[in-house]
Amino acid sequence: MKSGQDVAVALAVTEGSDGSSEHAPVTQENPPSLPRSEVRLRESSRILLVDDEPGIIQAEARLLKKAGYEAVICTSGEEALELIARESFDVIVTDITMPSMSGLELLRKLREIERDIPVILRTGGPTVESAADAVEHGALKYVVKPVAFADLLQGVGDLFGVGRVDQQG
C-alpha cells in the first residue's frame, strides 16, 4: 500500500453554469469542488475526528472547517463513544492505534449502537489482520498514514456520496 494514497487517481468534478462537467486531478492546490446543489449537504455535515495525537486532528479540523464541514475532535475512543451518545455525526475518522481503546475496538462498539454511520480507519502500521477486521465491522475506508489533506477531503467526500446514493435508491 502506498502511504496516504488510494490506488485510483482522484478527480475533482466541477459543474459549469451551462451544466457541463470538467475533471481535474485533486491536489492540495486543487481540492475537490462540489456542484452548487451539493453545497448545503457539505455545510451541514459533521465529522468526528478521533486520534491520540491532538496536533494532527486540530490541523485537520481547521482544514475541514475551511472546506465547509463541521469538525469535532477528541483524543480517545472512550471520549468518542461519549460524544456519539450525545450528538450525531455524519462521518467518523479514527486512528487505529490509540491507548486504552483502539480504533478497531471503537468501530466494533460503534456498530453495536449505530450501524449506519460511515467510518474511515487510518493507521501508520497497516496489517492484513487489521484491514480484514475493519472490513468485517463495516469500515468504508482503510487508509495508511500519513494522509494528505486532499486524500482526507476526497475520502470524506466519497462517503457523503455513498450516503446520497443510499438516500435516493
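Axes are lines fitted to C-alpha atoms, for helices over the stretch in contact, and angles run from 0 to 180 degrees between N-to-C directions. In this predicted model, the axes of helix H3 (residues 77-86) and helix H4 (residues 103-113) come within 10 Å. They cross at roughly 20 degrees. Angles under 35 degrees count as roughly parallel, so H3 is roughly parallel to H4. The crossing of the two helices is right-handed.

Four residues of H3, Gly77, Ala80, Leu81 and Ile84, form its side of the contact. They meet Leu106, Lys109, Leu110 and Ile113 in H4. Of the residues in this contact, six are nonpolar, one is polar and one is charged.

The strands are arranged in an open sheet of five, in the order E4-E3-E5-E6-E7. Pairing is parallel. Strand E4 (70-74) and strand E7 (141-144) are the edges, each pairing on one side only. On average, neighbouring strands of the sheet are turned by 20 degrees against each other, direction ignored. Within the sheet, strand E3 (residues 46-50) pairs with strand E5 (residues 91-95) in the parallel sense, over four bridges. Leucine 49 stands opposite valine 93 in E5.

Both helices lie across strands of the sheet. H3 lies across E3, E4 and E5, and runs at about 135 degrees to E4. H4 lies across E3, E5 and strand E6 (119-123). Its direction is at about 165 degrees to E6.

Definitions and conventions:
Residues numbered from 1 in each chain as written. Predicted model: local features only at pLDDT ≥ 70, side-chain atom pairs only at ≥ 80, totals over all residues. Heavy atoms only, no water. Parallel < 35°, antiparallel > 145°, perpendicular 65-115°, else oblique. Left-handed = near helix turned anticlockwise from the far one by under 90°. Contact = heavy atoms within 4.5 Å. Nonpolar A, V, L, I, M, F, W, Y, C, P; charged D, E, K, R; others polar. Pairing = 2+ DSSP bridges.
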